[in-house]
Number of protein chains: 2
Amino acid sequence: MRLLDLLFGARLANRDYGERKIGAFEGLPAMGLDGLGSSAYGPEAALAILIPLGAAGSGYIQAIMAPIIALLMILFVSYWQTIRAYPNNGGSYIVTKENLGTNVSLLAAAALMIDYVLNVAVGISAGIGALVSAVPVLQPYILPLCLGVLVLVTAVNLRGTLDAGRAFAAPTYVFIACFVVVIAIGVAKAILAGGHPSPVSPPPAPPPATETLSWWLLARAFASGCTAMTGVEAVSNGMSAFREPPVKYGHRTLGAIVVTLAVLLAGVAYLTNAYHITAMDQTQSGYRSVLSQLASAVIGENVFYYVAIGSLLSVLVLSANTSFVDFPRLCRMVAEDGFLPKPFAIAGRRLVFSAGILYLAATSGALLFAFGGITDRLIPLFAIGAFLTFTLSQTGMAVHWRASRQKGEAPRAVRLHFLINAIGAAATGLALIVIILAKFVEGAWITILVIPCVIGLLIGINRYYRWIEKEICDPEPLKLDRETAPIILIPIEDWDKLTAKALRLALTLSPDVIAIHLTHLSGPEAKEHEKSLRAHWRRGVEEPAEAAGDAPPRLMILQAQYRAIHEPVLKLAGELEQKFAGRRIAVLIPEVVKRHWYQHLLHAGYADHLRRQLLREGDSHLIVIDVPWRL
Amino acid sequence: MRLLDLLFGARLANRDYGERKIGAFEGLPAMGLDGLGSSAYGPEAALAILIPLGAAGSGYIQAIMAPIIALLMILFVSYWQTIRAYPNNGGSYIVTKENLGTNVSLLAAAALMIDYVLNVAVGISAGIGALVSAVPVLQPYILPLCLGVLVLVTAVNLRGTLDAGRAFAAPTYVFIACFVVVIAIGVAKAILAGGHPSPVSPPPAPPPATETLSWWLLARAFASGCTAMTGVEAVSNGMSAFREPPVKYGHRTLGAIVVTLAVLLAGVAYLTNAYHITAMDQTQSGYRSVLSQLASAVIGENVFYYVAIGSLLSVLVLSANTSFVDFPRLCRMVAEDGFLPKPFAIAGRRLVFSAGILYLAATSGALLFAFGGITDRLIPLFAIGAFLTFTLSQTGMAVHWRASRQKGEAPRAVRLHFLINAIGAAATGLALIVIILAKFVEGAWITILVIPCVIGLLIGINRYYRWIEKEICDPEPLKLDRETAPIILIPIEDWDKLTAKALRLALTLSPDVIAIHLTHLSGPEAKEHEKSLRAHWRRGVEEPAEAAGDAPPRLMILQAQYRAIHEPVLKLAGELEQKFAGRRIAVLIPEVVKRHWYQHLLHAGYADHLRRQLLREGDSHLIVIDVPWRL
C-alpha cells in the first residue's frame with residue numbers, strides 16, 4: 001500500500017471529485033498535445049508526398065495547407081457548438097448515440113477506440129523516432145525508450161488527469177512560446193525581405209525532381225496533411241474532466257489548441273515556401289525534419305534553437321497523453337451503456353478509470369513491442385478513425401439542430417448552427433473519402449476490416465449483459481413460506497479448535513450438521529486412523545451433546561480416491577438433496593487465514609480449492625460458508 | 001482436462017497404487033541412469049586432472065580407479081544392508097533420523113536436496129554438452145536443448161515413475177549391452193595382444209607433459225573420479241517405488257546398477273591404459289570424450305560405434321531422471337515430518353508427488369537458464385552432497401547395528417554388518433575430506449555455505465507448523481450453550497432475483513437480516529437512486545413480510561467513499577458486534593457463477609474481492625456465506 005501511495009499518490013474519496021477536475025491551464029497539456037504535435041507531422045507528411053516534385057514541392061504546400069486550415073476552422077466552430085450543446089460530454093459517441101441511434105454510436109466508438117490506441121503507439125514511436133534522428137547514439141534503444149515513455153505516461157495518468165496536465169505543462173507551453181516566436185521572426189524577416197528572406201543556416205538542397213504534378217499526387221498530399229487535424233475532437237470527448245462551468249473551460253481549451261495549431265500550420269506553410277524547405281527522406285542518414293530545417297533557417301543553430309527542438313521532441317513524445325485522457329472516459333461511457341466490461345466504468349483509487357488506462361497501455365505496448373518501436377506502417381491506418389468520427393459527430397450535430405428547429409427554438413440561430421455542422425460534415429466526409437482512396441493500398445483497408453470486428457465485440461458483450469439482466473431481474477415479491485434451514489456439511493481434518501469453532505457455528509444455523517473426514521488412506525492404516533478420530537469425536541462431541549440431551553452431529557468418513565476433495569463432498573450433497581427433496585445443503589469450510597505471501601506456500605490451499613470447485617460445480621441448492629480461523 | 005489426460009495420462013485412484021509400483025526392469029532406467037552415466041564422466045574427470053602429465057597420464061588411471069571401485073563395493077554391500085533393514089524407505093534421511101536424530105537427518109536432507117537439484121542441471125547440461133561436441137551444428141541451441149530435455153523428463157515423470165522407467169528402458173539397456181560388448185572385445189584383444197593391442201582407429205596423440213606427478217595431483221584426480229560413485233544411493237532413497245516385496249526388487253535394481261557400473265569402470269580403466277587414451281581439453285575444438293576414443297580404438301567407427309555413442313548420449317542426457325524419481329519422494333518424507341510445505345506430501349493425479357517434481361524442474365530450469373545451459377562451474381559443488389550423505393547414512397547404519405546388538409540380536413551377523421557400515425562410513429568420510437580439500441577453492445565452499453541455509457529454512461518451516469498445531473489442537477469438549485444465530489448482512493446491487501434468493505436463504509439461518517446497498521453516488525442522483533431502491537424494497541420485501549406478520553429485513557444504504565466495498569461492510573460489522581456484544585456477524589455474498597474464462601473479464605469481481613478482504617481483515621466473529629447464482 002505504501003508503495004502504491006508513493007507511485008500513484010494517496011487514494012481519493014468520492015467527495016474529492018470536484019477538486020480533481022481541471023481548468024484550461026491543465027487542459028491544454030492534458031488534451032492538446034496530440035493536436036499541437038500535429039503541427040509538426042501534418043505539413044511534414046504533406047511535403048513528404050511532394051518529394052518527387054523536387055525543388056518545386058515547397059511551392060504547392062500553401063495550396064494544400066489552405067483547405068486543411070479552412071477545414072480546421074469549420075471543425076473548430078462546430079466542436080465549439082457541440083461543447084455548448086453537450087456540456088457534460090460532447091464526444092462523438094454521445095452525440096451520435098443521441099441523434100443517430102445506438103448502431104451509429106457503436107461505429108463512432110469503435111473508430112475512436114482504434115484511433116486512440118493507434119495514437120499512443122504511433123505518437124510515442126514517432127516522437128522517439130525524432131529523438132533518435134536528433135541523437136543517433138540512442139539508435140539501439142528505440143524499443144526500451146518507447147516502452148519507458150509508455151510507462152511514464154501510464155503512471156502519470158494513473159495518478160489522475162490533473163497530475164498529467166500539471167506534469168506536462170512545462171514542455172507544452174515552452175513549445176508554443178518557442179515556435180510562435182520562430183514563426184513571428186520568420187514572417188517578419190520574409191516580409192522585410194520582400195518575400196525572399198535569406199536563411200541563417202540554409203536548408204539542405206532539394207532533391208532532384210522525378211515526377212510532374214498530378215491531381216493524384218495533390219490528393220495524396222492533402223490526405224497526408226489532414227493528419228494535422230487529429231486531436232481536435234479531444235476536448236469534446238474529455239468534457240467530464242473539466243471543473244464547473246465545463247463549457248467555459250472546454251471552450252477555452254479548444255480555442256487555445258485550435259488557434260495555436262492554426263497559427264503554427266499557417267506559419268509553417270508560409271515559411272517553408274518562403275525558405276524553399278522540402279521534406280527529406282526519413283530512411284536516409286542526415287535526415288532533418290521540416291520544423292528543424294525551418295527553425296535553423298529562421299534563427300540559426302543557437303541555444304534558442306536547441307530549446308525549441310527539445311520542446312518539440314517532448315511534445316511529440318508526449319502526444320500519447322491525449323489518448324490517456326480521453327480513451328478511459330470513452331470506455332467508461334460505453335461500459336455504462338453495457339457495451340464494454342463493467343470494470344471500465346469503475347473509478348480507480350485516484351478517481352480515474354484505471355481499467356481503461358491499463359488496457360490502453362497494454363494494447364499500445366503490445367503494438368510497440370510487435371513492431372519493435374517503429375510504427376511507420378501504422379500511420380496510414382491512423383487518420384481514418386479521426387475523420388470518420390469527425391463526420392459522424394458533425395452529422396449527429398446537424399440532426400440535433402434540425403430536431404431543435406422542429407421543437408421551435410429560435411429558428412435563425414438554429415439554422416446557422418445547422419448550416420455550420422452540415423458543412424462540417426460534408427467537408428470532413430469528403431476528406432474521409434479522399435483519405436480512404438489515397439491510403440487504401442497502404443493499409444487503410446486494415447482499419448476498415450477491424451472496425452466491424454470491434455463493433456461485433458461490443459454487440460456480443462452487450463448481448464451477454466442483457467442476457468444476465470433478463471435472468472436475474474424482476475423477481476416476484478419475497479415468498480416467506482418458512483423454508484427449513486439447510487443441512488450443513490463440515491469437511492474436517494481432525495478434532496481440533498478449527499473443527500470445534502465450525503461445529504459451534506453450524507449448530508446456531510441448523511440442527512442438521514454432518515462432519516465429513518476425507519481420507520486417502522486404505523488398509524490397516526486407515527482403520528487405525530478412523531478409530532482414533534472416532535474416539536476423539538465421542539469424547540469431544542457426542543458425549544457433551546448427549547449430556548445436554550441433544551442429537552449429536554454425525555461424523556462421516558469418506559474416501560477421496562482421486563485426492564480431489566470436492567468430489568466426495570459434491571456426491572454426498574447430491575445424495576442428501578435427493579433424500580430430503582429440495583432442501584438446501586451448506587458446506588461449511590473452516591480455514592486458516594493467511595496474512596503473508598509465504599503462508600500460501602505453506603498451506604495446501606484445500607479450503608480455497610474446495611470452495612471454488614463447489615461454487616463452480618455444485619447445483620443451485622448448494623451454498624458455501626467460510627469460517628476463518630485467525631492465528 | 002482432456003489436454004491434461006493426453007499429456008499426463010488419465011488420473012489414477014488411490015486403489016491403483018499397487019499397480020503403479022515398479023520392478024527391477026523399470027527400476028534400472030528409472031533410478032540407475034545417474035549411476036550408469038557416472039561410468040562416462042568419472043574416469044573422464046580423473047583423466048582430465050591428469051592431462052598435465054601428458055602421455056604418462058593414462059598410466060595412473062588404474063591406480064586411481066582401483067580405490068574408487070573398492071569404495072563402490074563397500075557402498076554396495078552397505079546399501080544392500082540398508083535396504084534390508086529399512087525395506088519401506090532406506091534413504092539417508094530416514095536412516096539418519098532413526099539413528100542419529102532429527103538434526104543430523106536435516107543435514108542429510110539438505111545435502112540430498114541440493115545434490116538432486118544440481119544433478120538435474122549438471123546431468124542435462126553435460127549430456128547436451130556431449131551431444132553438441134558430437135554434432136557441432138547444434139552449438140547455438142544449447143539452452144533450448146537443455147530446457148527441452150528438462151521439459152521431457154519432467155512431463156514423463158509427472159505421468160509416473162512406472163512410465164519413466166518404461167520410457168527410458170530402451171536407451172538404458174542398449175547402452176549397457178553396447179559398452180559391455182565393447183569392453184569385452186577390448187579386453188579380449190588386449191589379452192591376446194599381450195597387453196599392447198593396436199587400436200582400430202588410433203586415439204589422438206597425448207598432450208605434451210607440463211607437470212610431474214605429485215600427491216596433490218593424485219588426490220585431485222581421485223576426488224574428481226569419485227563422481228563415478230554418485231547415484232549409488234538412489235535405490236535406497238526410492239524404495240517406496242518398488243512393488244511387493246520391495247527388498248527383493250530393491251536388491252535386484254541396486255545389484256544391476258552397481259555391478260554394471262563396476263564392470264564399466266574397471267573395463268574403462270584397464271582399456272584407457274592399454275590403448276594409451278588420455279583426456280582431451282573440452283574447450284578445444286576437435287574434443288572427443290574418453291569413451292568415444294575408447295570405443296573407436298576397440299571397434300573402429302562403424303555402425304555399432306554410432307549406436308553405442310548414441311545410447312551413451314541418451315544415458316547422459318537422461319541421467320537427471322534419477323533425481324526426478326528420488327527428490328519428490330525425499331521431499332514427501334521431509335514434508336510429512338513438517339519440515340517442508342504440506343503440498344510436497346500430496347500425491348498428484350498420477351500418484352506421484354507432483355509438487356516435488358515441479359519444484360525440481362523449476363529450480364534446475366532456473367539454474368540452466370542462469371548459466372545458459374553450460375554448468376561446468378557447478379560440477380565442483382556436486383560430489384560433496386553425495387559423499388556427505390554416504391557418510392551420514394553409513395554412520396547411521398553403524399549406530400543402528402550397535403543398537404541391535406545391545407538388543408541382543410544374533411551377535412555375529414550383527415557385528416559383521418556393523419563392521420561393513422563402519423568401514424563404509426570411514427572410507428566415504430575420508431573421501432569426503434579429500435574432495436572438500438581438493439575442490440574447496442573451485443566452488444565446494446558454496447555448497448558448504450548453502451547447506452546451513454537450507455537447514456535453516458527447513459527448521460523455520462517446521463517452527464511455523466508447530467506453532468499452528470499448538471494454536472489449533474487440543475480443543476475442549478464441545479460447548480453447547482445455545483448461542484444465538486449470527487446477524488446476517490447481505491450486500492446487494494439491486495432488488496433482483498439474486499437478492500431474493502439470498503434473502504430467502506438468510507431468513508432460514510437467522511431472524512436478523514440486514515441488506516446493505518453500497519453507493520458511490522452523491523447529490524441528487526444518489527437521492528433519486530435511493531428512492532427507487534426503497535420503493536422496490538417496500539413492494540418486494542416489506543409488504544409481503546408485514547402481510548405474513550414478520551419483522552421485515554432492513555435495507556441500509558452506505559457510502560463507499562473509496563470504492564473499496566469491504567470497508568463500509570467491515571465498519572458496520574464492527575459496530576454491530578459492539579452493540580450486540582460477542583454476537584457473530586455473517587456476510588452473505590450473492591454471486592454469479594462464472595463457468596468460462598471470459599466471464600471473469602466481464603464481471604467486476606466484487607464478490608471475490610469482498611470475500612477475500614473480509615476473510616483477511618475481519619475479526620474472529622466474522623464469517624462469510626457464498627450464495628452462488630447459476631445462469
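Reader: How many salt bridges does the rule find across the interface of chain B and chain A?

Author: This is a predicted model, in which local features need pLDDT of at least 70, side-chain atom pairs count only at pLDDT 80 or more, and totals for chains, interfaces and linings use all residues. Side-chain values use heavy atoms, without hydrogens and water. A salt bridge requires a side-chain nitrogen of Lys or Arg within 4 Å of a carboxyl oxygen of Asp or Glu. One such pair joins the side chains of B:E567 and A:R11, N to O, at 2.8 Å; across the interface, the rule finds 2 salt bridges.

Reader: What is the area buried between chain B and chain A?

Author: Buried area is the accessible area (1.4 Å probe) that two parts lose on being put together, summed over both. Carbon and sulfur atoms give 58% of the area between chain B and chain A. B:L478, B:R563 and B:L602 supply 10% of what chain B buries against chain A, more than any other three residues. The area buried between the chains is about 7,600 Å².

Reader: Which residue of strand 5 of chain B is the bridge partner of A:D626?

Author: Strands are DSSP runs (E, at least two residues) numbered from the N terminus, and two of them pair if DSSP finds at least two bridges between them. Strand 5 of chain A, residues 622–629, pairs with strand 5 of chain B in the antiparallel sense over 3 bridges. The bridge partner of A:D626 is B:V624.

Methods: Residues numbered from 1 in each chain as written. Chains lettered and ligands numbered in written order. Helix = DSSP H or I, 4+ residues; strand = E, 2+ residues; numbered from the N terminus.
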